[in-house]
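Notebook open, model loaded. I want to go through a few loops, helices and contacts and jot down what turns up.

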Amino acid sequence: MTSTVEAPTAPSGHCAEAKCTAAINGVCAKGRETPLDCEFFELDAAPDEQPAETPNPLISLPHGRAIRAGELTAVLRHERATRVTPLGAIEAGKTTLFAVMFEFLTNRRLEGWTFVRSVTTLGFAERSHHASARSNRVSPTTPRTSGATGDQFLHLRARRQSDGALASILFADVSGEHVEFLTTTGAREPALVAALASADHVPILIDGRLAADPQTRQNAIRHAVDLVHILPDLPLRLDAQISVVLTKLDWFADPDDATEVLDQVAQTVIDHVGGTPASFAVAARPRKRAVLEPGHGVATLFNHLVSFAVSPRDVVFSTADGSAPSAQTLRRLWDARR
């Protein structure tokens, strides 16, 4: 009986031993029964075993400067965030307020909260420190948002220390020019209107520096009141929470004057929008030698902005005498559902 010995089959691979012919004829230079038993032999990956290429990210953020409206779904697919669209005059302090919230969170100075993350870290940093680098100021100032900014959002995620709950905020970084156009020319920037239509919170900002001066106080109040008057014509959600925020409180010598300013604008909200708005007086970045501490009132405002409305606010969509609602009311109802 004749037996036949099959020649070793050369596996597809390569050996680290220079003189080994295992990859050619399957014969191991170290005498292993099969080259696969040798620690110096490495198989080549099969065509279908090639490592998959790293997939492209769902979105491309420009170094975390801001989120565009079209990127929100991808960025926030794993978290729920309140959307904040502030309305205020040019240089009312909106961007500074957001930047200080970021600074305090990241430096563990925002009472009751711990910073978790932000996908727009560079955006906050630029807004907070760009002007400081140019002017060599000890305390940074924030350049105002350009009218060409467009639909940009800033993102913050924080953890509440009392119960460990997570909360996220999206700040719509709208331009003061676009806000003023609403009341002066009636022009509606599409990005601003879209941000308002999806907003959970719409703070009406009052420039405290102007409101503190008796000569310019009524101008500051008038601008805030004009914004309130136009709210019924904007496509706000029925559960959007309107608030009144007085910035730059450190400019007021008499706190009662600040309270009076807030009350006047708040009363306008009650009369024209409905419900009693939350009111806040803040000094995000007070002047040197000011009595108020940096970030005065910011934590209280932050607590409000991370909250979702439990139920739609009391609105003036119905009349006490049962009469038909006005054309303005009907138009607002229709716009909110489009």
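I began with Thr247, whose side chain reaches the backbone oxygen of Ala92 at 2.6 Å. I file that as a polar contact, meaning a pair of N or O atoms within 3.5 Å; within protein, one must be able to donate a hydrogen and the other to accept it, and residues adjacent in sequence count only if both atoms are side-chain atoms. Thr247 sits in the loop between β9 and α9. Helices (H or I, at least four residues) and strands (E, at least two) are DSSP runs here, numbered from the N terminus.

Is Thr247 buried or exposed? With a relative accessible area of 3%, Thr247 is buried. My cut-offs: buried is under 20% relative accessible area, exposed is over 50%, and partly exposed is in between (1.4 Å probe, protein chains only). I then listed what Thr247 is in contact with, leaving aside neighbours within four places in sequence: Ala92, Leu205, Ile206, Asp207, Gly208, Arg209 and Val282. Contact means heavy atoms within 4.5 Å.

Ground rules, before I forget. This is a predicted model, so I need pLDDT of at least 70 for local features and 80 or more for side-chain atom pairs, while totals for chains, interfaces and linings use all residues. Residues are numbered from 1 along each chain as its sequence is written, and side-chain values use heavy atoms, with hydrogens and water left out.

**Whole protein**

I noted eleven helices and ten strands. Of the 338 residues, 44% are buried. Among contacts with a separation of 6 or more, 71% are between residues 24 or more positions apart.

**Positive phi**

Most residues other than glycine have a negative phi, so I looked for exceptions. Lys248 has a positive phi near 55° and is not a glycine. Lys248 is in the loop between β9 (241-246) and α9, and at 23% relative accessibility it counts as partly exposed. Arg289 also has a positive phi, about 65°, without being a glycine. I found Arg289 in the loop between β10 (278-281) and α10, where it is exposed, with a relative accessible area of 81%. A glycine went on the page too: Gly186, which follows α5, has a positive phi near 80°.

**The loop between β7 and α5**

Asp173 is in the loop between β7 (166-172) and α5. Asp173 counts as buried, at 1% relative accessibility. What does the side chain of Asp173 make a polar contact with? The partner is the side chain of Lys94, at 3.0 Å.

Ser175 is in the loop between β7 and α5 and is buried, with a relative accessible area of 2%. The side chain of Ser175 makes a polar contact with the side chain of Glu177 at 2.5 Å. I also checked Ser175 against Gln152: they are 23 residues apart along the chain, and their C-alpha atoms are separated by 9.9 Å.

**α5 and α8**

Glu177 came up again in my list of buried residues of α5: Gly176, Glu177, His178, Val179 and Leu182. The cover over them includes α6 (190-197) and α8.

I looked at α8 next. Residues 217-230 make up this helix, 14 residues reaching 21 Å from first C-alpha to last, close to the 20 Å expected at 1.5 Å a residue. The expected span is 1.5 Å times one less than the number of residues. The buried residues of α8 include Ala220, Ile221, Ala224 and Leu227. They pack against α5 (176-184), β8 (201-206), α7 (208-212) and α9 (255-272).

**α3 against α10**

How do the axes of α3 (residues 94-106) and α10 (residues 298-305) cross? I get roughly 100°, with the axes coming within 11 Å. Axes are lines fitted to C-alpha atoms, for helices over the stretch in contact, and angles run from 0 to 180 degrees between N-to-C directions. The two helices are therefore roughly perpendicular, the label for 65 to 115 degrees. The contact is made by Leu97, Val100, Met101 and Leu105 of α3 and Val298, Leu301, Phe302 and Leu305 of α10.

**Arg117**

Last stop: Arg117, in strand β5 (residues 113-117). At 31% relative accessibility, Arg117 counts as partly exposed. The side chain of Arg117 makes a polar contact with the side chain of Glu79 at 2.2 Å.

Key: Angles under 35 degrees count as roughly parallel, over 145 as roughly antiparallel, 65 to 115 as roughly perpendicular and the rest as oblique.
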